[in-house]
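Take a look at the protein below.

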Amino acid sequence: MKETTAGGALVRTPGSLYRDVSQKNSDGKRSARERLQEQRQQEESRAKRKRTLIAGVVVVAVLGAGAGIAALVAGSTSGKDNKRKASGPVIAPQGAVGKDALAIPVGDQAAKATLVVYEDFRCPGCGQFENGFRDTIHDLQDKRQLKAEYHLVALIDKNLHGTGSVNAANAAACAQDAGKFLAYHDELYKNQPPETDDAYGKKARLLELAGKVDGLKTPAFEKCVNEGTHDSWVQKSQDNFTTSGLRGTPTVILNGKSLYDDPTKPLTPEKFRQMVAEAQK
């Protein structure tokens with residue numbers, strides 16, 4: 001049947017009508033598919049925005065942790081007590097010096113130049129300083145021109161949570177009891193994990209690294225590490241750091257002068273040697 005007109009109106013034959021209805025049904029199916037596709041695209045878009053937002057928050061957190069230590073420290077002194085409280089008596093390691101016996105001495109105490117270091121074994125800046133200046137410091141100590149006092153703090157535990165700072169500091173204090181502080185101190189920095197990796201929270205890892213220091217891994221040392229003998233001493237050192245006005249780690253002071261006050265004049269091993277040499281005059 002063919003289409004004809006009657007009184008100016010279009011008359012469709014049954015075949016034509018069938019084809020017309022079929023076309024409408026086809027259009028309806030396509031429309032449903034299109035709506036379903038649009039809904040799926042919207043859901044995927046929302047999920048993508050959510051993933052992007054989460055990723056952005058993570059990146060900001062990591063960058064803040066790595067590059068904004070001073071800001072984190074400032075936040076930690078706001079009066080909110082979120083510190084990890086150590087229990088038990090404050091037991092200083094053997095030979096500790098200074099007020100409240102909070103510093104571990106290294107080198108000839110008659111040396112004219114005194115290096116004071118506040119550091120955290122989870123702190124990447126501390127690792128950069130120790131790994132970059134280790135040979136220079138050791139050489140000057142061997143020549144009896146420089147002595148050092150190490151203050152061990154738990155700043156990263158305080159700000160990023162975890163126990164690696166406290167556990168590593170306690171283990172270093174245990175090494176001091178055994179007369180092996182400097183060698184073990186250096187091993188901790190040579191094997192320092194990323195700041196956000198609380199690897200030193202595992203005491204088994206600290207004992208493993210002790211095996212790299214001749215004569216350190218004894219039953220007495222293992223007991224000291226596992227029982228956290230000096231945990232309260234580390235906490236007291238952290239409390240002292242918090243109230244001292246110092247703003248971040250590492251804090252490095254030579255004969256009363258901070259070596260990181262002027263970022264436009266970076267410290268180098270050569271400059272450090274010159275400063276120690278000046279102290280000998």
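## The whole protein

The model is predicted. Its secondary structure comes to ten helices and seven strands. Of the 281 residues, 37% count as buried. The accessible surface is about 15,700 Å². Carbon and sulfur atoms hold 52% of that surface.

Residues 24 or more positions apart account for 75% of them.

## Where α3 meets α6

Helix α3 spans residues 124–142, and helix α6 spans residues 181–190. Their axes come within 9 Å and cross at roughly 145°. The crossing is left-handed.

Which residues of α3 and α6 meet? From α3 come Cys-126, Gly-127, Glu-130, Asn-131, Arg-134, His-138 and Gln-141. From α6 come Leu-182, His-185, Asp-186, Tyr-189 and Lys-190. The residues of this contact divide into three nonpolar, five polar and four charged.

Helix α8 covers residues 219–227. Phe-221, Cys-224 and Val-225 are buried there. Seen down the axis of α8, these buried residues fall within an arc of 95°, so they line one face of the helix. An α-helix has 3.6 residues a turn, so residues three or four places apart point the same way.

What do the buried residues of α8 pack against? They pack against α5 (164–177), α6 and α7 (203–210). The face turned away from the buried side carries the exposed residues Pro-219, Ala-220, Lys-223 and Glu-227. Just after α8, Gly-228 takes a positive phi of about 65°.

Technical notes
Residues numbered from 1 in each chain as written. Predicted model: local features only at pLDDT ≥ 70, side-chain atom pairs only at ≥ 80, totals over all residues. Heavy atoms only, no water. Axes fitted to C-alpha atoms, helices over the stretch in contact; angles between N-to-C directions. Helix = DSSP H or I, 4+ residues; strand = E, 2+ residues; numbered from the N terminus. Left-handed = near helix turned anticlockwise from the far one by under 90°. Contact = heavy atoms within 4.5 Å. Nonpolar A, V, L, I, M, F, W, Y, C, P; charged D, E, K, R; others polar. Buried < 20%, exposed > 50% of the residue type's maximum accessible area, 1.4 Å probe, protein only. Areas by Shrake-Rupley, 256 points an atom, 1.4 Å probe, with all protein chains shown as cover. Arc of directions from axis to C-beta.
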